[in-house]
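This briefing is for a reader who has not seen the structure before. It starts from one residue and then goes topic by topic.

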Amino acid sequence: MIHIPTSPSFHYLGDLSAWLIAFLGARWVYRQRRASVETLARQTAPDYFISLALGGAAGAWLLGSINTLQDARPVLSHSVAGALAGAIVAVEVWKWVRGVRGSTGGPFVIPLTLGIMVGRWGCLFAGLPDHTYGIPTSLPWGVDLGDGIARHPVQIYESLAMLAFLLVYWRALTRERQWATRHGFHAFVLFYAVQRFAWEFFKPYPKIVGPLNVFNLAMIGLILYALVWIARGNDRPAAA
């Protein structure tokens with residue numbers, strides 16, 4: 001068992017680090033993939049980003065709170081999975097209203113992946129009050145978050161999974177692989193949703209339908225969303 005020093009304040013440090021690394025990722029995209037950023041600018045307007053932000057905030061607090069309000073000690077909470085789902089819904093509605101076709105998410109893939117990858121460590125060091133801890137385990141890499149119980153380090157599982165995606169995606173993007181340039185955002189959503197769906201079974205969250213919690217259900221929705229877009233195959237390469 002590995003003892004982890006924890007403090008709720010570490011969550012804020014993790015969030016700050018996540019935003020910083022996401023900014024650096026966005027800067028790389030702007031410098032190295034300028035065409036995709038310019039395409040995004042031509043396709044959208046300022047209210048696109050307002051819709052994205054409002055949808056992300058609403059989804060984050062809605063899904064996070066649906067989950068934690070079922071606890072013995074109900075509290076309001078937020079979730080990056082909910083933020084992603086909410087932002088996608090808001091953007092798709094905006095695109096439908098404005099008649100925009102094709103993907104607009106490509107330039108966000110690297111910043112989002114980096115942010116999740118780093119932010120999850122903040123969740124780990126925030127400890128039990130963060131409500132993101134895993135179920136007990138007898139595996140040698142179980143972590144003690146202050147209660148003397150070895151738990152699955154689900155935050156590390158997710159961080160390493162997103163790192164693996166980033167390495168594969170970045171390599172494919174720099175080599176102009178079609179799946180990365182045409183469907184980069186949908187590949188990101190699909191991978192994120194699949195890995196998050198799996199890790200949810202290692203968390204003590206309340207079940208809603210059979211063995212599935214609210215995040216399992218949300219991830220099924222994201223998986224279907226990504227698969228439908230990929231099957232349509234009509235994204236514009238420049239948007240990736």
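**A residue to start from**

Isoleucine 88 is buried, with a relative accessible area of 7%. Buried means under 20% relative accessible area, exposed means over 50%, and partly exposed is what lies in between, for a 1.4 Å probe and protein chains only. The model is predicted: local features need pLDDT of at least 70, side-chain atom pairs count only at pLDDT 80 or more, and totals for chains, interfaces and linings use all residues. Residues are numbered from 1 along each chain as its sequence is written, and side-chain values use heavy atoms, with hydrogens and water left out.

**Isoleucine 88 and valine 189**

- Isoleucine 88 lies in helix H4; helices (H or I, at least four residues) and strands (E, at least two) are DSSP runs numbered from the N terminus.
- Leaving aside residues up to four places away in sequence, isoleucine 88 touches Phe185, Val189, Leu222 and Tyr225, where contact means heavy atoms within 4.5 Å.
- Valine 189 touches Ile88, Leu222, Tyr225 and Ala226, again not counting residues up to four places away in sequence.
- Isoleucine 88 and glutamine 70 are 18 residues apart along the chain, and their C-alpha atoms are separated by 25 Å.

**The largest nonpolar core**

- A nonpolar core is a set of buried Ala, Val, Leu, Ile, Met, Phe, Trp, Tyr and Cys residues joined through side-chain atoms within 4.5 Å.
- The largest such core has 34 residues, and Phe185, Phe188, Val189 and Leu222 have the most contacts inside it.
- At least two residues of this core come from each of helix H4 (80-98), helix H5 (109-126), helix H6 (154-174), helix H7 (178-199) and helix H8 (214-232).
- H8 gives the most to this core, with 9 residues.
- In soluble globular proteins, nonpolar side chains tend to be buried together.

**How H5 and H7 pack**

- H5 and H7 pack at an angle of about 25°, with their axes 10 Å apart.
- That angle makes H5 roughly parallel to H7.
- Axes are lines fitted to C-alpha atoms, for helices over the stretch in contact, and angles run from 0 to 180 degrees between N-to-C directions.
- Angles under 35 degrees count as roughly parallel, over 145 as roughly antiparallel, 65 to 115 as roughly perpendicular, and the rest as oblique.
- On the H5 side, Val109, Leu112, Thr113, Ile116 and Arg120 meet Gly184, Phe185, Phe188, Tyr192 and Arg196 of H7.

**Aromatic rings**

- Rings of Phe, Tyr and Trp (its six-membered ring) pair if their centres lie within 6.5 Å; planes under 30 degrees apart count as stacked, over 60 as edge-to-face and the rest as tilted.
- By this rule the count comes to 15 aromatic pairs.
- Tyrosine 157 and tryptophan 199 form a tilted pair, 5.2 Å centre to centre with 45° between the planes.
- Tyrosine 157 lies in helix H6 and tryptophan 199 in helix H7, so their pair ties together parts that are 42 residues apart in sequence.
- Both tyrosine 157 and tryptophan 199 are buried.
- Tryptophan 199 also forms a tilted pair with phenylalanine 202, at 6.3 Å centre to centre and 55° between the planes.
- Phenylalanine 202 is partly exposed, with a relative accessible area of 28%.
- Ring pairs link Phe165, Tyr169, Trp179, Phe185, Phe188, Phe191 and Tyr192 into a cluster.

**Charges over rings**

- A charge sits over a ring if NZ of Lys or CZ of Arg is within 6 Å of the ring centre and within 35 degrees of the ring normal.
- Arginine 34 lies over the face of tyrosine 30, at 4.1 Å from the ring centre.
- The charged end of arginine 196 sits over the ring of phenylalanine 215, 4.8 Å from its centre.

**Loop residues**

- Most residues other than glycine have a negative phi, and most peptide bonds are trans.
- Histidine 131, in the loop between H5 and strand E2 (143-144), has a positive phi of about 60° although it is not a glycine.
- Histidine 131 is partly exposed, with a relative accessible area of 25%.
- Glutamate 176, in the loop between H6 and H7, has a positive phi near 60°.
- Glutamate 176 is partly exposed, at a relative accessible area of 49%.
- Glycine 102 is in the loop between H4 and H5 and counts as buried at 3% relative accessibility.
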